[in-house]
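Me: I am new to this structure and would like to go through it step by step. Could you begin with a term that will be needed along the way?

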Amino acid sequence: MRKLISTLFLSLLLLSLYNCSECNNENPRARVTNLSSNEVSVQIKTSGGNTENISNIETGKSSEFRSYSPGDVNFIITSKNKLEFEAETEVDFCTDYEIIIEENNSITIIPTNIE
């Protein structure tokens with residue numbers, strides 16, 4: 001009986017610690033870091049039909065984070081000299097995404113889980 005009570009107590013303790021996570025199905029967020037030689041703007045289109053715009057990110061700067069709906073997302077980047085390129089990815093709850101526009105106009109997306 002004592003072993004059963006100890007196991008039950010330990011299980012309840014672990015369950016309460018698991019539920020104390022800082023993230024509770026929060027929408028994903030993204031910010032853009034511009035390492036290219038031109039100012040850029042980014043349009044974030046979600047599979048749910050929402051669109052977020054992050055405009056006029058200067059060379060060497062990062063935008064603030066923007067929140068949007070999870071699902072399939074299309075990032076459309078437009079540079080000041082009118083070049084347009086895009087990247088697609090699936091995004092999930094409780095994740096921040098760093099969208100890095102590299103010098104050669106390639107895009108790197110780095111996900112970080114929110115804990």
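Reply: Buried means under 20% relative accessible area, exposed over 50%, and partly exposed in between, with a 1.4 Å probe and protein chains only. This is a predicted model, in which local features need pLDDT of at least 70 and side-chain atom pairs count only at pLDDT 80 or more, while totals for chains, interfaces and linings use all residues. Residues are numbered from 1 along each chain as its sequence is written, and side-chain values use heavy atoms, with hydrogens and water left out.

Me: Are Cys23 and Cys94 buried or exposed?

Reply: Cys23 and Cys94 are both buried. They form a disulfide with sulfur atoms 1.8 Å apart; the criterion is a pair of cysteine sulfur atoms within 2.5 Å.

Me: Where in the chain are Cys23 and Cys94?

Reply: The pair links distant parts of the chain, 71 residues apart: Cys23 is in the loop between α1 (2-18) and β1 (29-34), and Cys94 is in the loop between β6 and β7. Helices (H or I, at least four residues) and strands (E, at least two) are DSSP runs, numbered from the N terminus.

Me: And how many disulfides does the structure hold?

Reply: The structure holds 1 disulfide. The link of Cys23 and Cys94 is left-handed, with -90° about the S-S bond.

Me: Turning to the strands, in what order do β2, β3, β5 and β6 lie in their sheet?

Reply: The order is β3-β2-β5-β6, in an open sheet with antiparallel pairing. Two strands pair if DSSP finds at least two bridges between them. At the edges are β3 (51-57) and β6 (84-91), each pairing on one side only.

Me: How many bridges join β2 to β5?

Reply: There are 7 bridges between β2 (residues 40-46) and β5 (residues 71-79). Thr46 stands opposite Val73 in β5.

Me: Why does Glu98 count as buried?

Reply: Glu98 counts as buried because its relative accessibility is 15%. Glu98 belongs to strand β7 (residues 95-101). Leaving aside residues up to four places away in sequence, Glu98 touches Arg31, Thr33, Ser62, Thr108, Ile109 and Ile110, where contact means heavy atoms within 4.5 Å.
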